Amino acid sequence: MNALLPVGENIQMGYRQRIAADVASVMEKMCCQPILFIGSGLTRRYLGGPGWDELLASVGRECPLIEREYPFYKQSLKHPLLIGEEFAKLYQQWAWDKGRNHFPAELFTDGVNEQAYLKYAVAQRLLAITPVKVEDIADKHFQAEIAALKNIRPHAVITTNYDKLLEIIYPEHQPVIGQSIIYGPQILFGEIFKIHGCVSDYPNLVLTKTDFDDFSRRKQYLSAKLLTYFTEHPLLFVGYSATDPNIRAILSDIDACIPRQGPPGSLIQNIFILEWRPKAGDHYVPATEKVIEVDNGRSVRVKAIETEDFEWVFKAFGSERPLNAVSPKILRSLLHRSYDLVRHDIPRRKVEADFEMLERAVSNNAEFGKLFGITTINAVSANSVMFPYTLTEVARKVTGREDVSWNAAQPFLEKIKREKGVDIKSSDNKYHCVTRTGLNPNSVSRKYSDAFCDLLVRVKNGDMYELDL
């Protein structure tokens with residue numbers, strides 16, 4: 001330490017150096033990018049967003065049938081989940097009476113869940129504080145910190161937040177919302193797993209006791225699906241308190257699933273929890289470990305980071321390796337297409353596989369890279385990766401039938417056009433692109449993305465959806 005610095009600064013500098021060295025050691029040992037678990041504290045930090053109680057209190061003030069102040073409901077019902085249950089009933093009554101003009105027309109049918117009105121109000125509250133891009137965040141003090149957070153380039157992000165802050169921080173990561181995590185395709189790379197739902201699909205937010213009871217029945221399947229992440233990656237919790245019920249539930253499942261090294265209660269080497277702490281006295285030494293009670297008398301020990309400045313922590317988890325510059329969207333598409341080839345297309349003989357060429361490629365690192373175009377990737381090859389399907393392939397993927405042609409997908413396109421006023425095929429966008437195939441301007445090839453397939457599945461199932469062109 002530098003003896004010329006005040007005692008407090010010496011302690012802080014030594015603390016940061018020890019934490020950064022430990023993070024570097026874990027990252028080097030595990031040889032992969034970290035997983036980020038993000039809680040509402042990050043939205044509060046960057047957007048001034050509300051906590052759970054504050055969110056319910058703010059929407060409670062908008063409904064005239066919620067006549068008492070929020071502390072009354074907190075005193076009577078104790079838990080935000082139960083308060084959400086009560087508010088949902090009152091919001092439904094108001095919506096079907098004098099509050100109809102405050103809600104979209106599609107909510108007034110018998111197929112809509114009775115709690116959708118409260119969830120719509122919650123979604124609107126969060127959308128109102130979320131900027132379109134990172135640069136629009138009002139408090140410029142955090143710009144360097146957010147830049148360091150972006151530079152982590154996480155393998156994946158898992159969050160209990162409803163808002164879309166993470167989508168603007170990591171625009172090339174793919175949001176995977178709610179039950180899609182459990183029933184969707186194989187987990188790959190570059191996703192934002194929104195386990196409690198998203199404002200973009202507000203009817204399915206986990207907000208009330210009914211929602212949470214349903215989520216609790218499914219969360220062990222979720223934990224099992226994320227087990228590889230827990231065991232093979234550094235994990236950083238940000239925006240949670242160590243007492244947060246969400247973090248305790250997640251850690252409980254991790255503790256139950258991960259093969260442990262050492263006796264019960266031993267430190268989990270790859271899990272860090274970052275908590276905000278204001279500057280303390282000169283002789284205060286921040287914690288480096290934390291014991292968190294989970295359930296059934298069990299507890300887990302994880303690595304703790306306490307600081308009021310997150311930038312140095314994010315820099316410790318960041319990396320300058322060249323492949324980090326590769327688009328997560330392209331990598332995810334490569335992996336997804338490879339998975340489909342191995343799992344479906346080759347076994348069903350839908351494609352002709354040159355196994356001699358494949359054998360040569362997998363036996364040589366350089367040739368294996370060329371197999372995926374890594375050494376020669378350009379805009380054309382990237383486009384092929386991101387838009388791999390013809391409309392016939394889309395129709396078969398969406399319907400689950402091999403005997404249909406392109407026109408089986410057309411009714412869903414027409415429905416989108418009627419309901420949203422958008423012809424997806426009229427422009428290049430996230431779902432569709434056009435490539436000329438000859439001198440004739442009308443000679444073109446239309447290709448479609450995985451996002452387009454997912455969209456049509458939602459339209460086919462009658463689910464609510466939004467376009468993200």
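**Entry 1: a lysine in a strand**

In which strand does Lys303 lie? I looked this up to start the notebook, keeping in mind that the model is predicted. Lys303 lies in β8, the strand of residues 299-307.

Is Lys303 buried or exposed? I found its relative accessible area to be 6%. The cut-off for buried is under 20%, so Lys303 counts as buried.

I then looked for a polar partner. The side chain of Lys303 makes a polar contact with the side chain of Asp22, at 3.0 Å. Setting aside neighbours within four places in sequence, I noted contacts of Lys303 with Asp22 and Val26, with Leu267, Ile268, Gln269, Ile271, Phe272 and Ile273, and with Thr288 and Glu289.

**Entry 2: the whole chain**

I stepped back for an overview. The chain has 469 residues, and 45% of them count as buried. I noted 20 helices and ten strands. Among contacts with a separation of 6 or more, 69% are between residues 24 or more positions apart. The accessible surface comes to about 24900 Å², and carbon and sulfur atoms hold 53% of that.

**Entry 3: the cores**

Which residues touch the most other members of the largest nonpolar core? They are Tyr46, Leu149, Ile305, Phe314 and Phe317, in a core of 35 residues. I listed the elements that each supply at least two residues of this core: helices α1, α2, α7, α8 and α13, together with strands β1, β5 and β6. Another core, of 32 residues, lies apart from it, and its members include Ala88, Trp94, Ala121 and Tyr162.

Beyond its neighbours within four places in sequence, Leu149 is in contact with Leu36, Leu42, Tyr46, Ile169, Tyr170 and Phe314.

**Entry 4: helix α7**

Next I checked α7. Its buried residues are Glu145, Ile146, Ala148 and Leu149. Seen down the helix axis, these fall within an arc of 155°, so they line one face of α7. I noted β1, α2, α8 and α13 among the elements that cover them.

**Entry 5: aromatic rings**

How many aromatic pairs does the structure hold? I have 19 in my notes. One of them is Phe272 with Phe317, an edge-to-face pair with 5.4 Å centre to centre and 85° between the planes. This pair links distant parts of the chain, since Phe272 is in strand β6 and Phe317 is in helix α13, 45 residues apart. Phe272 is buried at 1% relative accessible area, and Phe317 is buried with 1% as well.

I also looked at Phe310 and Phe314. Their ring centres are 6.0 Å apart and their planes stand at 80°, so I wrote this pair down as edge-to-face. Both Phe310 and Phe314 are buried.

One aromatic cluster went into the notebook too: Tyr91, Trp94, Trp96, Phe103, Phe108, Tyr117, Tyr120 and Tyr202.

**Entry 6: a glutamine in a loop**

Where is Gln115 placed? I found it in the loop between α5 (80-95) and α6 (116-129). Is Gln115 buried or exposed? With 5% relative accessibility, Gln115 counts as buried. Leaving out neighbours within four places in sequence, its contacts are Glu85, Ala88, Thr208, Thr210 and Asp211. Thr210 is 95 residues from Gln115 along the chain, and I noted 9.6 Å between their C-alpha atoms.

Notes. Residues are numbered from 1 along each chain as its sequence is written. This is a predicted model: local features need pLDDT of at least 70, side-chain atom pairs count only at pLDDT 80 or more; totals for chains, interfaces and linings use all residues. Side-chain values use heavy atoms; hydrogens and water are left out. Helices (H or I, at least four residues) and strands (E, at least two) are DSSP runs, numbered from the N terminus. Buried means under 20% relative accessible area, exposed over 50%, partly exposed in between (1.4 Å probe, protein chains only). Contact means heavy atoms within 4.5 Å. Accessible areas come from the Shrake-Rupley method with a 1.4 Å probe; for residues, only the protein chains shown count as cover. A nonpolar core is a set of buried Ala, Val, Leu, Ile, Met, Phe, Trp, Tyr and Cys residues joined through side-chain atoms within 4.5 Å. A polar contact is a pair of N or O atoms within 3.5 Å; within protein, one must be able to donate a hydrogen and the other to accept it, and residues adjacent in sequence count only if both atoms are side-chain atoms. The arc is that of the directions from the helix axis to the C-beta atoms. Rings of Phe, Tyr and Trp (its six-membered ring) pair if their centres lie within 6.5 Å; planes under 30 degrees apart count as stacked, over 60 as edge-to-face and the rest as tilted.
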